[in-house]
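User: I'm new to this one. Can you walk me through it?

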Amino acid sequence: MKNVLFIVFCLISLPVFADSEWAASDVQVDKPIDIKVYRNPDCQCCHKWMTYLEDHGFHVIDQPTHNLDAIKEKLGVPSAMHSCHTAVVDGYAIEGHVPAEDIMRLLTQKPDITGLAVPQMPVGTPGMEMGLRIDNFAVIEFNQAQQYSIFTTYQVDKNHQYQASTTEE
């Protein structure tokens with residue numbers, strides 16, 4: 001619980017720097033990148049996130065399953081980071097509605113981590129769009145020791161657009 005409170009505190013207190021929207025033109029790739037998505041067969045937001053990834057140059061390999069908990073455990077996703085679907089790309093675990101630009105930054109930088117997560121299901125994240133409501137959220141990086149830190153924060157500005165702040169800025 002202390003880790004979750006720390007993440008929330010960091011999310012609220014970090015400044016906002018770069019513009020971020022979910023437009024397909026934001027992320028450019030030379031060839032499609034394979035990403036395997038494990039999801040509950042009944043979940044609809046997972047389809048939206050997978051379509052979003054395809055629009056951003058990923059080749060989605062859909063893996064419907066009723067055994068997501070076992071997959072999350074095998075991949076080392078901390079229980080505090082769980083969301084509705086789990087993906088694997090280039091050996092990294094991707095948990096929840098992680099924006100494509102964060103996945104691309106992960107694949108470019110290749111940090112020594114287990115993966116990225118957007119815990120729970122914040123409204124407004126890719127695949128979780130619900131009209132005008134959008135929530136601030138953080139993309140969290142985690143490692144094998146179940147330690148985590150902020151990879152990117154997204155805060156809503158006065159124009160109702162996401163502004164991103166990364167740890168590299």
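Analyst: Here is a short tour of the fold, then the surface. Keep in mind that this is a predicted model.

User: Okay. How many helices and strands are in the protein chain?

Analyst: The protein chain has four helices and nine strands.

User: And which pattern do they follow along the sequence?

Analyst: The order is α-β-β-α-β-α-β-β-α-β-β-β-β.

User: Let's zoom in on β2. In which sense does β2 pair with β3, parallel or antiparallel?

Analyst: Parallel. Strand β2 covers residues 33-39, strand β3 covers residues 58-64, and seven bridges link them.

User: How does the chain cross from β2 to β3?

Analyst: Through helix α2, residues 45-55. That makes a β-α-β crossover, and the crossover is right-handed.

User: Which residue in β3 is the bridge partner of K36?

Analyst: That partner is I61.

User: What about β2 and β4, parallel or antiparallel?

Analyst: Those two run antiparallel. Strand β4 spans residues 85-89, and four bridges join it to β2.

User: Which residue in β4 stands opposite Y38?

Analyst: T86 does.

User: New topic. What share of the residues is buried?

Analyst: Of the 169 residues in the protein chain, 49% are buried.

How values were computed:
Residues are numbered from 1 along each chain as its sequence is written. This is a predicted model: local features need pLDDT of at least 70, side-chain atom pairs count only at pLDDT 80 or more; totals for chains, interfaces and linings use all residues. Side-chain values use heavy atoms; hydrogens and water are left out. Two strands pair if DSSP finds at least two bridges between them. A crossover is right-handed if, with the strands pointing away from the viewer, the path from the first strand over the helix to the second runs clockwise. Buried means under 20% relative accessible area, exposed over 50%, partly exposed in between (1.4 Å probe, protein chains only).
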